[in-house]
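Good morning, and thank you for coming. Please look at the sequence and the structure that I am about to show, and keep both in view while I speak.

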Amino acid sequence: MTGPRAAVIVFPGSNGDRDLLEGLLAAGFDAFLHPSDRPLPDGIQLAGLPGGFSYGDYWRAGMLASQEPSVVDLPGFVASGGLVIGVCNGFQILVEGGLLPGALGYNDPAGFRHRWVTVEVTDQASGPWFSALEPGDRMLLPIAHAEGNWFHPDGFDAVADRVPLVYEENPNGSLGDLAALLDDTGRVLGIMPHPERASHPDLGSTDGLLLLSGAHRSILEGVRG
């Protein structure tokens with residue numbers, strides 16, 4: 001494998017690490033698993049934080065994982081041009097670590113949601129993660145979470161220019177129908193649906209692969225956020 005190198009960070013309690021690894025491999029990355037209690041490895045172009053229940057979701061979902069050495073290294077990695085994706089619990093970790101704004105709380109109405117949803121690509125979708133998608137495109141992706149209700153005390157307008165994906169039918173009460181969020185560089189993406197679980201026809205959709213392969217292409221072309 002000679003593609004861009006991608007590290008999937010494995011936390012105690014992760015259960016989507018293998019899925020994300022397979023999705024990144026399918027997109028062309030030289031991907032591998034990396035334990036969260038070690039600093040980020042040298043020579044990677046992408047870091048992926050998978051879904052699951054890191055540290056059993058104790059205290060708050062993602063809070064304990066956000067203190068791990070691999071997560072503490074992420075701001076410097078992003079500043080050097082690296083791409084970061086946090087899926088589901090990974091999105092929660094990025095928020096708890098201060099790489100993305102707001103908070104993710106219990107679904108409204110409460111309950112675990114596990115089904116396919118349709119999300120729409122917005123006019124704000126730009127940068128390396130969305131090079132293979134156009135505003136107005138719709139993606140069929142699976143969700144599996146109980147705490148995907150995104151909130152910001154200053155309202156949706158505080159981040160409206162950084163929301164690349166919105167739910168067609170909001171499954172969790174998330175403010176502004178937000179399904180994903182970018183940081184101000186465009187290189188950090190938090191997403192509650194699972195693109196890696198929509199990366200092969202046998203899974204029911206390949207829409208998620210567009211996101212991962214777009215990042216792959218952007219790295220090869222040297223596109224920065």
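This is a predicted model: local features need pLDDT of at least 70, side-chain atom pairs count only at pLDDT 80 or more; totals for chains, interfaces and linings use all residues.

Let me begin with a term: a salt bridge is a side-chain nitrogen of Lys or Arg within 4 Å of a carboxyl oxygen of Asp or Glu. By that rule, Arg138 and Glu120 form a salt bridge, because their closest N and O atoms are 3.3 Å apart.

Glu120 is partly exposed, with a relative accessible area of 28%.

Which other residue forms a salt bridge with Arg138? The partner is Glu168, and here the closest N and O atoms are 2.8 Å apart. Glu168 sits in the loop between strand 9 (165-167) and strand 10 (180-182), whereas Arg138 is in strand 7, so this pair ties together parts that are 30 residues apart in sequence. Glu168 is partly exposed, at 45% relative accessibility.

How many salt bridges does the structure hold? The count is 5. One of them joins the side chains of Glu96 and Arg60, at 2.8 Å from N to O. This pair, too, links distant parts of the chain: Glu96 lies in helix 4 and Arg60 in the loop between strand 3 and helix 2, 36 residues apart. Both partners are partly exposed: the relative accessible area is 25% for Glu96 and 43% for Arg60. Elsewhere, Asp19, Glu196 and Arg197 are linked in a network of salt bridges.

I turn now to helix 4 itself. Is this helix largely enclosed or largely open? Of its 8 residues, 89-96, 7 are buried, so the helix is largely enclosed by the rest of the structure. The buried residues are Asn89, Gly90, Phe91, Gln92, Ile93, Leu94 and Val95. Just after the helix, Gly98 takes a positive phi of about 80°.

What does Leu74 touch, apart from residues up to four places away in sequence? Its contacts are Leu40, Ala47, Leu49, Val84, Leu94 and Leu99.

Met192 counts as buried because its relative accessibility is 1%, and buried means under 20%. Leaving aside neighbours within four places in sequence, Met192 is in contact with Cys88, Phe91, Leu104, His145, Glu147, Gly148, Tyr167, Asn172 and Ala179.

Finally, the surface. Where is Trp59 placed? Trp59 is in the loop between strand 3 (46-49) and helix 2 (69-72). Trp59 is exposed, with a relative accessible area of 68%. Together with Tyr55, Tyr58 and Leu64, Trp59 forms a nonpolar patch on the surface, and these residues have about 490 Å² of accessible area together. Arg60, the partner of Glu96 in a salt bridge, lies in the loop between strand 3 and helix 2 as well.

Thank you for your attention.

Methods: Residues are numbered from 1 along each chain as its sequence is written. Side-chain values use heavy atoms; hydrogens and water are left out. Patches are made of residues with over 30% relative accessible area and no salt bridge: like charges are joined within 9 Å, nonpolar side chains (Val, Leu, Ile, Met, Phe, Trp, Tyr) within 5 Å. Accessible areas come from the Shrake-Rupley method with a 1.4 Å probe; for residues, only the protein chains shown count as cover. Helices (H or I, at least four residues) and strands (E, at least two) are DSSP runs, numbered from the N terminus. Buried means under 20% relative accessible area, exposed over 50%, partly exposed in between (1.4 Å probe, protein chains only). Contact means heavy atoms within 4.5 Å.
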